[in-house]
Amino acid sequence: MGVLETERASGAPVLEVARDRPASLVGELVAAWEASVRATHAFLGEDNIRRIAGYVPDAISSVETLIVARGAGGEALGFGGIDGDELAMLFLRPEARGAGLGRRLLRVAVEGYGVVRLDVNEQNDQAVGFYGHCGFKVVGRSAVDGMGDPFPLLHMRLGEDEESPA
């Protein structure tokens with residue numbers, strides 16, 4: 001893994017690009033994903049979480065760019081995934097939230113990889129607010145998520161205003 005941010009405060013999490021994605025790393029990130037989802041996606045039932053969890057390893061393995069946030073002890077605190085100009089995923093363990101780590105991951109995605117768009121579950125108020133605070137604006141909405149489930153998505157773009165309803 002290549003370290004992205006070498007200038008950091010002592011003990012602050014390190015951001016690394018995961019070029020190799022061995023099963024051990026994917027497993028660690030799936031655990032971080034699940035902890036994050038359980039803390040932030042109250043609209044998902046247990047059956048939904050278990051079903052979606054079956055897709056997560058492939059999503060982590062196949063995303064174009066994977067950035068991993070590691071704590072002082074080397075543990076994965078969260079990750080972000082980038083496909084082209086889209087933030088495909090950003091998840092943090094609950095204990096890592098609120099300390100600027102999500103903002104750091106997003107800044108690297110935007111400034112280092114040209115991310116300008118993302119989709120977020122409309123029912124995840126915390127994430128919608130976070131991305132809005134970071135300059136992303138709603139430009140559209142889908143009534144279902146990418147798997148066709150009834151979990152609406154907001155399509156957001158950096159710095160653009162909401163589309164007029166058709």
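Ala39 is partly exposed, with a relative accessible area of 39%; partly exposed denotes the range between buried (under 20% relative accessible area) and exposed (over 50%), with a 1.4 Å probe and protein chains only. This is a predicted model, in which local features need pLDDT of at least 70, side-chain atom pairs count only at pLDDT 80 or more, and totals for chains, interfaces and linings use all residues. Residues are numbered from 1 along each chain as its sequence is written, and side-chain values use heavy atoms, with hydrogens and water left out.

Ala39 belongs to helix α1 (residues 23-40). Helices (H or I, at least four residues) and strands (E, at least two) are DSSP runs, numbered from the N terminus. Between Ala39 and Arg93 the C-alpha to C-alpha distance is 8.4 Å, at a sequence separation of 54 residues.

For α1, the buried residues include Leu25, Val26, Leu29, Val30 and Trp33. They pack against α2 (46-53), α3 (56-62), β3, β4, β5 and α5, contact being heavy atoms within 4.5 Å.

In α4, the buried residues are Leu101, Gly102, Arg104, Leu105, Leu106, Val108 and Ala109. Their cover includes β2 (14-17), β3 (65-70), β4 (76-83), β5 (86-92), α5 (125-133) and β7 (136-142). Gly114 follows α4 and has a positive phi, near 75 degrees.
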